[in-house]
Structures are given as C-alpha cells and as structure tokens.
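Colleague: Hi, could you walk me through this one? I'd like to go over the side-chain pairs and the overall fold.

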Amino acid sequence: MKKINLAVVGATGMVGRTFLKVLEEKDLPIDNFYVMASKRSAGSTVTFKGKEYIVEELTENSFDKPIDIALFSAGGSTSEKFAPIAAAKGCVVVDNSSQWRMDPEVPLVVPEVNPEDIKWNKGIIANPNCSTIQAVVALKPLDDKYSIKRIVYSTYQAVSGAGVAGWNDLENGLKGEEPKKFPYSIASNCLPHIDVFMDNGYTKEEMKMIWETRKILHKDDLKITATAVRVPVFNSHSESVNVEFDNPVEVEDVKTTLKEAPGIILEDDPSSNVYPLALNATGHDDVYVGRVRRDESVDNGINFWVVADNIRKGAATNAVQIAELLIKEMQ
C-alpha cells in the first residue's frame, strides 16, 4: 500500500490529541508525519507511535512541503485562512470546524452514510457537527428503507463538546467554583443553550443539526426541528430522536435494520435495563442505539435513543475514517 504524508493541525487540543490516538489505533500507512498548531503551542512536543514530534507553528508556508492529507481541528478562523492554502498546494484537508460544512463546494461526510461524496471534493472535506454525526449514522439506514418525512431532535450534550474550558467548568463547578465557559454553572444543571442564539430563537447548534442532516442525507426540504441541551456529563452525547416516515414501519424491523447497519451497536432490552449509556460509549467509535419504540401519536413514527463518544466518533474518528477513504482513492 502506498504510504502518504499526513499532518495534524491543532494537534495540542482535545480533538487534536484524539486524532493522534485514533491514527495510532488505525495504523494508517503514514510515511512523513507533521504536527502543527498556533504560535502559542509551537515548540511543544507530542508523542505519536512512540516517537516525539515537535509541534510546528502553522504558517502560510506550512504546506510548501508535500502533504497528502491534513486533519484540521484548530477552529473556524484558522480553517478559513489555511485550508484553502493547503488545498492549493495539493493537500486534501479534512476540517473539523464549522467553517466549510454548508459550503456547496465542500462535501460534508460521514463514512457510514455518504462516503461517495468525497469523490467531488476540491481539496477540502468537512467533518460534520458531533451531534449530527451520531444521529445520521442511525437515520441513514432507516431513510433508505422507509423514507424519512420529519425529525425531532432533543440532545443531551456533554461538556467535552465545549473543549477543555467546558470540561473545566463542570469539574470546577462540582467544587462550587463559578463558571468561566458557560453563562451559568453546568454542575447539577442543564443549559438549553449551545452556541449563540439566532434570530429565529434557535441556537446555532440546533440549526447546524438541521442544515447538516439535510445536506448529508441529500434531502434539502426535510422537515427537522431540534433542541440542544448541555448537561453535566463529561463525555459522550446522548440524543432522543423522533422520526416520522413516509412508509409504514414495524418496530422489530427497525431494530433489525439498525442492528445490521454499519457503525451501529443496538442495545435494546428494557426488561433487563439494557439501553445506551454515555459512560459505556466513551472511548469507543460505534454509535449506540436503543429504546426503539413506536410513536403512537402519528401513523408511521418511531422514537429511539442514540449515544456516541463526541470526541471520537463525533470528531476525531470520523475525520480519520474520511482519511482512510481518501487513502483508498489514492492507491
């Protein structure tokens, strides 16, 4: 297999460090490996496959050397500036920020859902929002079989989704300290406020889920509504998903469809208290689905509960899976 040159941009952040871990686990065929970050982190070291690498400062000249794939997790403004520079030099950027997700020229990819979309990339591929990723992994096989008419999302999102500062707010809040990241204490609390509020009363996080689901499933007019809530959980997002279909559904058929779909583990035995839990999902790459039941308020509706590690599958692992698809294309 042909070896590639790969860079991780934003290598010292929470997601960046998880990039390194997942890349090690998946053992991609990497020849030259580069780690980059802001000037503040430049000069520090990270360990990858037992070897220490010095973190380079990300500059306009960083991609003058041959780099095939760059995994970006350095924020939207960094991606806005440097992703086009990298792409112009022949590098394919897999970007974890929200900067390029809704750009019509940029594919938005979840490998279990729409891997074919990487073929039309022009040097940048967007990694979706963490809460969208786990939802569409579960929704795609159901849409293929029954055709989705409407979705209602309610999310219960871990503080790791807000980075180290969010994690620290929960940790410190449990000690009685004031929050620094969130507007209110997240300890013993739920905040129906993720990202900024928009003119329509929704938060940007809620609108991201709506816009991104439509783009990934290639259904521009799909009816979706969402409520996103930050909860006092350190890691792994949980979601209640209500789906109405165009065609009749049977609960047992839905369970079978989910069980056979890629990337999903069905945990659904309420009589034995078996259902997806954030604690159990943490550290894993699969999407866990359970509590599958009929929505008796509509003709063709179901409810289910979906849980995934938002730093792994919701960010780093999904990006590395995209890189794996790109490497296959390069062979």
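**Rings, charges and fold**

Modeller: Happy to. Phenylalanine 63 is buried, with a relative accessible area of 1%; buried means under 20%, exposed over 50% and partly exposed in between, using a 1.4 Å probe and protein chains only. This is a predicted model, so local features need pLDDT of at least 70, side-chain atom pairs count only at pLDDT 80 or more, and totals for chains, interfaces and linings use all residues. Residues are numbered from 1 along each chain as its sequence is written, and side-chain values use heavy atoms, with hydrogens and water left out.

Colleague: Thanks! Which residue forms an aromatic pair with phenylalanine 63?

Modeller: By the ring rule (Phe, Tyr and Trp, the last by its six-membered ring, with centres within 6.5 Å; planes under 30 degrees apart are stacked, over 60 edge-to-face, the rest tilted), the count comes to seven aromatic pairs. In one of them, phenylalanine 63 is stacked with phenylalanine 72, at 6.1 Å centre to centre and 15 degrees between the planes. Phenylalanine 72 is buried as well, at 0% relative accessibility.

Colleague: And which rings are linked into a cluster?

Modeller: Phe33, Phe48 and Tyr53 are, through ring pairs.

Colleague: Switching to charges: how many salt bridges does the structure hold?

Modeller: There are 18, each with a side-chain nitrogen of Lys or Arg within 4 Å of a carboxyl oxygen of Asp or Glu. One of them joins lysine 81 and glutamate 60, with the closest N and O atoms 3.6 Å apart. Lysine 81 sits in helix α2 (residues 76–88) and glutamate 60 in the loop between β5 (56–57) and β6 (69–72), so this pair ties together parts 21 residues apart in sequence. Helices (H or I, at least four residues) and strands (E, at least two) are DSSP runs numbered from the N terminus.

Colleague: Is glutamate 60 buried, exposed or partly exposed?

Modeller: Partly exposed, at 46% relative accessibility. Lysine 81 is also partly exposed, at 43%.

Colleague: What about lysine 149: which side chain does it meet in a salt bridge?

Modeller: That would be glutamate 244, at 3.7 Å from N to O. Lysine 149 is in strand β9 (residues 148–157) and glutamate 244 in strand β11 (residues 237–245), so the bridge ties together parts 95 residues apart in sequence. Lysine 149 is partly exposed at 43%, whereas glutamate 244 is buried at 18%.

Colleague: Where do glutamate 205 and lysine 208 lie?

Modeller: Both are in helix α5 (residues 204–217), three residues apart, about one turn of the helix.

Colleague: Nice. Now the whole chain: how many helices and strands does the secondary structure come to?

Modeller: Eight helices and 14 strands. The C-alpha trace spans about 60 × 50 × 40 Å along its principal axes, and 53% of the 331 residues count as buried.

Colleague: What radius of gyration does the chain have?

Modeller: The chain has 20 Å, which agrees with the value near 20 Å for a compact globule of 331 residues. That radius is taken over C-alpha atoms, and the globule rule is 2.2 Å times the number of residues to the power 0.38.
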